[in-house]
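Hello,

Here is the structure we talked about. Please have it open while you read the notes that follow.

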Amino acid sequence: MNSRIVVDPVTRIEGHLRIEAEVKDGRIVDAWSAGTMVRGLEIILRGRDPRDAWAFCERVCGVCTTVHALASVRAVEDALDIRVPPNAELIRNLMFCTQYMHDHVVHFYHLHALDWVDVVSALKADPAATSTLAQGVSKWPKSSPGYFADLQKRLAKFVESGQLGIFANGYWGHPAFKLPPEANLMAVAHYLEALEWQKEIVKVHTIFGGKNPHPNYLVGGMPCAVNIEEANAINAERLALVGRLLAEAKTFVEQVYIPDVLAVAPFYLDWAGIGGGLENYLCYGDLPTGGFADVAGYKFVRGAILGRNLNEVLPVDPRDDTGIQEFIDHSWYEYEGAAGGRHPWRGETNLKYSGPKPPYEHLDVDAKYSWLKTPRWKGHAMEVGPLSRMLVGYAAGNADVKGAVTDALGALKAPASVLFSTLGRTAARAIESRLAAVWGLEFYQQLLANIKAGDSRTFTRERWEPASWPAEARGVGTSEAPRGALAHWIVIQDRKIANYQLVVPSTWNASPRDGRGQRSAYEASLIGTPVHDPHQPLEIIRTIHSFDPCLACAVHLYEDQVEIARHELAVN
Ligand code: NFE
Ligand code: MG
């Protein structure tokens, strides 16, 4: 008999996500993913000064907190043909690498680990054996028997109090948890250490961007002055702190995060055969080394893979009218005029759809069932994210990516095919965190060298004055956000924003089916997944969390109907 499992809300994510899954004989046979917040940022941006767009866009989300500002300033610079000075590119790249390490570590420990780690089982661990385990996988110094014994005592008090706090409502004791108690205790220790560490690394953002979350950006460069002798500028002391934070981050990634992934993975090798889903992968690429326009100079490669064919990386052009398109067949929107796909420069966001909408007791999955649109590349459903980046970089022969992927597969003694899975997605995120750690330090050294050579420029005033702009201009700003390919498309008319469209990573992955019935990544990845207990759908959560969902990004804004109506009135 078929049964329908509803997980709503999915927790330990950003935003509001509902998953419905049809289970037959203990396996998922169909699935639907719904974004249950309404979007509206595109509506709010209309009519504004393009130079202000980044500040609105960045507040889409507090998780991938810098990437929308980056995509936004790039879109405007692309439209107005502005080239930023080398230091601005380096500082943006440094902030990008910082963001990756922060976001990926937080995801692994605080959003995803408890899908694999049984906190309650850690109480049964032998602290001495935990110490032996920890010292066998890493030289990270916090690994003595006493350290783990103390931690276990704290944990026991917590559990005995009956108030599990941040650990409440886990599926503790579920038979799908496979780690021995010692591995569970080690992971819980690192969960708490990662909480401490994550507040340190974001200081890189506060140094260059004034604050975190939501550091400041600037069309034409970065809004920080470099002067090594000036107390209020990026001076020698602040640069030294950035260097220390980046070095500590690299140590944390290499001595804690990576060893933990490698220690946990062997217990869950069955998950290398589950959750693969789509066989198509898309990346815009990022980390420019010779300007945003020079795509060949990117560290993360741009390209697409179809049908898991690692022998061919296809070119991707975000300007191509028939390349990236958004469909709304199963989304609570209507387009003016002809239906079908829209390239984002011709994209449309309104709230005029008058058919049945939420309440959400039952999704009408044959009709419209999500606030997310459905992006497609040349008609194909594409997965975006760390796995796509590692596969595209690997297939393109990028030496750094190939080396990092090969190292990880070697450590796991596994073939590349294990990557096409839930486990592969989680491993890819760890692999690229190490690349971000290494590249971040490279960019840092280059920034120091530029400053030493006398170049302190961080922005250009070129085309700052709207009088110098053409009457109409269009731009696209691409990035690789932690969760995947991100782009903002802008149309500027009479010096104001005429159209602005964000197509974000979680929109690609979490979107509803298209008009041809093709599932997007979340839905596809659940097909075939075993479900042991429909009342504790741990397996669904494992695969969905492996994408690191951010529905706030994907649907852009939550407002109640009254507020949305007001915004519409304000801009129309
Ligand atoms: Ni709000 Fe985001 C990232 C973007 S959405 S987290 O990474 O862009 O997937
Ligand atoms: Mg959008």
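Which residue in strand 2 does Val6 stand opposite? That residue is Glu20. Please keep in mind that this is a predicted model.

The sheet

Strand 2 covers residues 17-24, and its pairing with strand 1 is antiparallel, over five bridges. Both strands belong to an open sheet of three strands, in the order 1-2-3 and with antiparallel pairing. Strand 1 (3-7) and strand 3 (27-35) are at the edges; each has a single partner strand, so one side of each has no neighbour in the sheet. On average, neighbouring strands in this sheet are turned by 20° against each other, if direction is ignored.

Helix 15, made of residues 538-546, lies across strand 1, strand 2 and strand 3. Helix 15 runs at about 130° to strand 2.

Gln501

Is Gln501 buried or exposed? Its relative accessible area is 1%, and buried means under 20%, so Gln501 counts as buried.

The side chain of Gln501 makes a polar contact of 3.2 Å with the side chain of Thr349. Another polar contact, of 3.3 Å, joins the side chain of Gln501 to that of Lys373.

Regards

Definitions and conventions
Residues numbered from 1 in each chain as written. Chains lettered and ligands numbered in written order. Predicted model: local features only at pLDDT ≥ 70, side-chain atom pairs only at ≥ 80, totals over all residues. Heavy atoms only, no water. Pairing = 2+ DSSP bridges. Helix = DSSP H or I, 4+ residues; strand = E, 2+ residues; numbered from the N terminus. Axes fitted to C-alpha atoms, helices over the stretch in contact; angles between N-to-C directions. Contact = heavy atoms within 4.5 Å. Buried < 20%, exposed > 50% of the residue type's maximum accessible area, 1.4 Å probe, protein only. Polar contact = N/O pair within 3.5 Å; in protein donor to acceptor, adjacent residues only side chain to side chain.
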